[in-house]
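Please keep the coordinates open in your viewer as you read.

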Amino acid sequence: MRVLLTEDNEGLANSIVHYFTENGHAIDWVSSAEKADSILVHDEFDMLILDVNLPGKSGFELLSSLRVRKNPLPVLILTARADIDDRVSALDLGADDYLVKPFDLRELASRCRALVRRERGKSDNEIQCGNLSFNSATKTVKIGDEIIELRPRELQMLELFLTHLDRMLTKDDIANRLYNFGEAYTPNAVEQILTRLRKQIQGSTLIIKTVRGMGYLAHVHD
């Protein structure tokens, strides 16, 4: 799951970024709606966590402009406003959920997973792909009944392929979902992670093919 966090409280933002990173998610943080808007024009995310009270353009204004552009990105609103009118306004503008400050980071992450599941048409955290299963909440991977231990980047890559079966992904597509803006990676980093992932999931029915000059394609082998 790749997340864009728009929050002007540095302490809260750092806590959210740390928690999501520790739980294997790529997350980028910006402090204004204007910065978020410019990023969302050319970058893809699975989730937007959006504070209401921001310097300059408000979170509500950003949300409204996204929906006017028909951008279906799941949006979870963070607000210190407990008033029912504000919550109704957020939902009517196109928010998918909201959370009133202060909140527990575990609940925030859980709500984000729920929204991403809904976007993908899933009712639970389990992704079954032939004899391979992946739980996005517990980060558990199994081949049959055997638990497979994967590194955080390998887990992120596996989840990306499982949610994009039979779709071509370029190296840039993958890197954009695995790394946040502040992380540097070498040109061979994606290939190195993929090599380790393929080795770890040997014996599964998930096949990740390299299509020369185009990218990578994951599919289930019968």
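A word on the ground rules before we start. This is a predicted model, in which local features need pLDDT of at least 70 and side-chain atom pairs count only at pLDDT 80 or more, while totals for chains, interfaces and linings use all residues. Residues are numbered from 1 along each chain as its sequence is written, and side-chain values use heavy atoms, with hydrogens and water left out.

Let's begin with the parallel sheet. Strands of a sheet pair through backbone hydrogen bonds, either parallel or antiparallel. Here, five strands form an open sheet with parallel pairing, in the order β2-β1-β3-β4-β5. Strands (E, at least two residues) and helices (H or I, at least four) are DSSP runs, numbered from the N terminus, and two strands count as paired if DSSP finds at least two bridges between them. At the edges are β2 (26-30) and β5, each of which pairs on one side only. From one strand to the next, the twist averages 20°; axes are lines fitted to C-alpha atoms, for helices over the stretch in contact, and angles run from 0 to 180 degrees between N-to-C directions.

Strands β1 and β2 are parallel and share five bridges, and leucine 4 has aspartate 28 in β2 as its bridge partner. To get from β1 to β2 the chain passes through α1, in a right-handed β-α-β crossover. Right-handed means that, with the strands pointing away from the viewer, the path from the first strand over the helix to the second runs clockwise. Helix α1 (residues 10-22) lies across β1, β2, β3 and β4 and runs at about 170° to β2.

How much of β2 is covered? Four of its five residues are buried, where buried means under 20% relative accessible area, exposed over 50% and partly exposed in between (1.4 Å probe, protein chains only). Aspartate 28 is found in β2 and is buried, with a relative accessible area of 3%. Leaving aside neighbours within four places in sequence, aspartate 28 is in contact (heavy atoms within 4.5 Å) with Arg2, Val3, Leu4, Leu5, Phe45, Asn180 and Phe181. Isoleucine 27, also in β2, is buried with a relative accessible area of 2%. Beyond its neighbours within four places in sequence, the contacts of isoleucine 27 include Ile16, Val17, Phe20 and Asn180. The C-alpha atoms of isoleucine 27 and leucine 5 are separated by 7.0 Å, although the two residues are 22 residues apart along the chain.

Why is β4 (residues 75-79) described as largely enclosed by the rest of the structure? Five of its five residues are buried, so the strand is largely enclosed. Both faces are covered, with Val75, Ile77 and Thr79 on one side and Leu76 and Leu78 on the other. Four bridges then link β4 in parallel to β5 (residues 97-100), where aspartate 97 is the bridge partner of leucine 76.

Four strands form an open antiparallel sheet in the order β6-β7-β8-β9. Strands β6 (126-129) and β9 (146-148) each have a single partner strand, so one side of each is left without a neighbour in the sheet. The twist averages 25° from one strand to the next. Within the sheet, β7 (residues 132-135) and β8 (residues 140-143) are antiparallel over four bridges, and serine 133 is partnered by lysine 142 in β8.

Helix α6 lies across β6, β7 and β8, running at about 110° to β7. Two packed helices are described by the angle between their axes and the distance between the axes. For α6 (residues 152-162) and α8 (residues 189-200), the angle is about 80° and the axes are 9 Å apart. The two helices are therefore roughly perpendicular to each other, a label for angles of 65 to 115 degrees (under 35 counts as roughly parallel, over 145 as roughly antiparallel and the rest as oblique). Among the residues that meet are Met157, Leu158 and Phe161 in α6 and Ile193, Leu194 and Leu197 in α8. The contact residues divide into seven nonpolar, one polar and three charged, where Ala, Val, Leu, Ile, Met, Phe, Trp, Tyr, Cys and Pro count as nonpolar, Asp, Glu, Lys and Arg as charged, and the others, Gly among them, as polar.
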